[in-house]
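User: Could you walk me through this model with me? I would like to go from the overall layout down to single side chains.

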Amino acid sequence: MYRILSGIMTLTQHIATLLSNPESYRPPQCPTCFLAGLWKHGFYTRKADRCVILTDESHPPILIPRYLCPGCGHTCSRLPSCIPPGRWYSWLFQQKVLLYLLGSYTLHGCQTRFAVCRSTIRRWWNWLISRTSVFEFNLRSRIPEWGRFADFESFWIGALNCMPLSEMMASLDHDGLIIP
Ligand SMILES: [Zn+2]
């Protein structure tokens, strides 16, 4: 899958890259029929990171480029790696929350510190637990040194100190895994 463009770590970088190098967003092939040479097909708008919206109500919606396949007629879009496909908080924010929990801090402490409802934090945490074996397998196949991390906590703390969560998710999306 090529749903996510890696290396775009912030919304500011996304906006600048769309202006300076829009070609970098064009997927190498159609995700449906795998034909290369997709056509530009405008943009759709997406709400920005919830943390940005909460601190800056005037922040405009973010443009996400769309593409049309001349072979099968399907459309697709390409997200910058800083924006999760289906969650309203940035990967960077989720990474901070998960690292806090991995440090053995409590859900209650996490809720107080980050001002996110407990059910959301619990959902992210349960997602990480349930997907870890698959994610670990794929990430270790790319970065064999991560095999030295012996357990759940040490794997994620060690891996997140080497690579942002956003870039891990872009890599796993590229491997065809479902990313929230
Ligand atoms: Zn196609």
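Here are some questions and answers about the domains, a helix and the salt bridges.

User: What kind of model is this, and how are residues numbered?

Analyst: Happy to start there: this is a predicted model, in which local features need pLDDT of at least 70 and side-chain atom pairs count only at pLDDT 80 or more, while totals for chains, interfaces and linings use all residues. Side-chain values use heavy atoms, with hydrogens and water left out, and residues are numbered from 1 along each chain as its sequence is written.

User: Which domains does the assignment give, and how far apart do their C-alpha centres lie?

Analyst: The bounds come from an automatic or database domain assignment. That assignment gives domain 1 as 4-80 and domain 2 as 91-174. Between their C-alpha centres, the distance is 25 Å.

User: How much area do domain 1 and domain 2 bury between them?

Analyst: Contact here means heavy atoms within 4.5 Å, and 6 residues of domain 1 are in contact with 7 residues of domain 2. Buried area is the accessible area (1.4 Å probe) that two parts lose on being put together, summed over both. Carbon and sulfur atoms carry 69% of it, and the value for the two domains is about 490 Å².

User: How many residue pairs are in polar contact between domain 1 and domain 2?

Analyst: A polar contact is a pair of N or O atoms within 3.5 Å; within protein, one must be able to donate a hydrogen and the other to accept it, and residues adjacent in sequence count only if both atoms are side-chain atoms. With both residues at pLDDT 80 or more, the count between the domains is 2 residue pairs.

User: How many salt bridges are there between domain 1 and domain 2?

Analyst: A salt bridge is a side-chain nitrogen of Lys or Arg within 4 Å of a carboxyl oxygen of Asp or Glu. Between domain 1 and domain 2, the count is 0.

User: Which helices do the buried residues of α6 pack against?

Analyst: Helices (H or I, at least four residues) are DSSP runs numbered from the N terminus, and buried means under 20% relative accessible area, exposed over 50%, partly exposed in between (1.4 Å probe, protein chains only). Helix α6 covers residues 152-162, and its buried residues are F152, F155, W156, G158, A159 and L160. These pack against α3 (91-102), α5 (118-142) and α7 (165-174).

User: Is E136 buried or exposed?

Analyst: E136 is found in helix α5, and its side chain meets that of R140 in a salt bridge of 2.7 Å, N to O. The two lie 4 residues apart in α5, about one turn of the helix. R140 is partly exposed at 26% relative accessible area. E136 has 13%, so E136 counts as buried.

User: What is the distance between the closest N and O atoms of E23 and R26?

Analyst: E23 is partly exposed at 42% relative accessibility, and R26 is also partly exposed, with a relative accessible area of 26%. Their salt bridge has its closest N and O atoms 2.6 Å apart.

User: How many residues apart in sequence are the parts that R142 and D175 tie together?

Analyst: The side chains of R142 and D175 meet in a salt bridge (2.7 Å, N to O). R142 lies in helix α5 and D175 in the segment after α7, so the pair ties together parts that are 33 residues apart.
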